[in-house]
Amino acid sequence: MKDKPALLKLASVSKAFGGVQALDDISFEFDAGLIMGLIGPNGAGKTTLFNVITGAYVPDSGAVSLDGIPIQGRRIQDIVHLGISRTFQNVELFESMSVIENIMVGRHVRTRSGFWSAITRVPAIRREEKALRERAQELLDFVGLADQADRRSGDLPFGWQRLLEIARALASDPKLLLLDEPAAGLNAVETGRLGELIGNIRDLGVTVMLVEHDMALTMSVCDQIIVLDQGCMLAEGLPREIQSNAAVMAAYLGNG
Ligand SMILES: Nc1ncnc2c1ncn2[C@@H]1O[C@H](COP(=O)(O)OP(=O)(O)OP(=O)(O)O)[C@@H](O)[C@H]1O
Ligand SMILES: [Mg+2]
C-alpha cells in the first residue's frame with residue numbers, strides 16, 4: 001500500500017521577479033501535526049514562499065501539493081477551501097468592520113450560502129449566520145479576545161489585531177496555517193502568549209508553518225526548521241541543529 005502523502009510538499013519550486021530569483025529550486029515536505037519554522041535573513045524569500053503556497057503567486061516552475069493534491073496555479077479561494085489559510089506580515093484586517101465580523105468573513109468559505117448571499121441577509125440564511133457568529137465567538141475566546149467582539153477592529157491595539165488575524169485565519173478550518181511574522185511589533189509578554197497560542201493551535205490538530213525573526217520564539221515553539229537564504233534552501237533540521245549550523249550563522253551575519 002502506498003504511504004500517506006505529505007501534508008505539504010514542494011518540488012523544485014522557483015519564482016523570479018525580473019532579475020531577482022526570489023525562490024530558486026525549493027524542495028521540501030512535511031507531515032501533519034507539527035510546527036514548522038521557516039526562517040532566513042530579510043529578502044530570503046519567506047513571504048514569497050507563502051504567496052506561492054496560498055496561490056497569491058503562481059510559481060515559474062515546480063509543484064506544490066497538499067495531501068497529495070496539486071495546488072499550484074489554483075485560485076486563492078480554492079486553496080483556502082482545500083485547507084490552507086494564512087496571516088500577513090503587515091496585518092490585513094477589514095478595519096472598519098467589527099472584530100467578530102472580520103472572523104465571520106473568514107468563515108464564509110465553509111458556509112453553504114457564501115459571502116455575498118450572507119451579506120444580503122436573506123431570511124433563509126439567518127440561521128446559518130447565527131451558527132457563524134457562535135463559531136466566531138468561540139475563536140475569539142480561543143485567541144483571548146472574548147470581550148472584544150463588537151469593537152471596531154481598526155481600534156484594537158496592534159498586538160490584538162495580530163491575534164484577530166489569527167482567529168480569522170482559523171475560521172476557515174485550515175489543515176495548515178501559515179503565520180508570517182506574527183510576533184513583529186509585539187512586546188515580550190505578548191510574544192510569550194503568542195508562543196502558547198501557537199502550541200494550542202497545533203494541539204487542535206492544525207499544522208503550523210511559522211515565519212519569524214524572533215529566534216527565541218522560533219527555537220522554543222518549532223518542531224523543525226527550514227532555512228532560506230537568497231531564494232535557496234540553506235538548511236533543514238531540528239531547532240538545536242539549526243542553531244549550531246555554521247552556514248545559517250554565516251547567512252545571518254552576512255546579511256546583518
Ligand atoms: N511582488 C514582488 N515584486 C518584485 N520583487 C519582489 C516581490 N515580492 C518579493 N520580491 C523580492 O523577492 C525577494 C524575496 O522577498 P520576500 O518578501 O519573499 O522576502 P522575505 O524572506 O519575506 O523577507 P523579510 O524577512 O524582509 O520579510 C526580495 O528580493 C524581494 O524584493
Ligand atoms: Mg517577508
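**Exercise 1.** Work out which residues of α3 and α5 meet, and describe how the two helices cross.

*Solution.* Begin with the residues: Val99, Ile100, Ile103, Met104 and Arg107 of α3 meet Leu132, Arg133, Arg135, Ala136, Gln137, Leu139 and Leu140 of α5, where two residues are in contact if their C-beta atoms, placed from the backbone, lie within 7 Å. Sorted by class, this contact of α3 with α5 holds eight nonpolar, one polar and three charged residues; here Ala, Val, Leu, Ile, Met, Phe, Trp, Tyr, Cys and Pro count as nonpolar, Asp, Glu, Lys and Arg as charged, and the others, Gly among them, as polar.

The model is a predicted one, in which local features need pLDDT of at least 70 and side-chain atom pairs count only at pLDDT 80 or more, while totals for chains, interfaces and linings use all residues. Residues are numbered from 1 along each chain as its sequence is written, and chains are lettered from A and ligands numbered from 1 in the order in which they are written.

Next comes the geometry: the axes of helix α3 (residues 99-107) and α5 come within 9 Å and cross at roughly 110°. That angle makes α3 roughly perpendicular to α5. Axes are lines fitted to C-alpha atoms, for helices over the stretch in contact, and angles run from 0 to 180 degrees between N-to-C directions; angles under 35 degrees count as roughly parallel, over 145 as roughly antiparallel, 65 to 115 as roughly perpendicular and the rest as oblique. Helices (H or I, at least four residues) and strands (E, at least two) are DSSP runs, numbered from the N terminus.

**Exercise 2.** State how the chain is divided into domains, and describe the contact between them.

*Solution.* The chain is divided into domain 1 (6-83 + 174-256) and domain 2 (94-173), with bounds that come from an automatic or database domain assignment. Taken over C-alpha atoms, the centres of the two domains are separated by 26 Å. The contact takes ten residues from domain 1 and ten residues from domain 2. On the side of domain 1 that touches domain 2, α2 (76-82) and α7 (188-203) each supply at least two residues, and α2 gives the most, with three residues.

**Exercise 3.** Which residues surround ligand 1, and which element gives the most to the shell?

*Solution.* Ligand 1 is surrounded by Phe17, Val20, Ala22, Gly40, Asn42, Gly43, Ala44, Gly45, Lys46, Thr47, Thr48 and Gln89, a residue being near if its C-beta atom, placed from the backbone, lies within 6 Å. The elements that give two or more residues to this shell are β2 (20-30) and α1 (46-53), and α1 gives the most, with three residues. By class, the shell divides into four nonpolar, seven polar and one charged residue.
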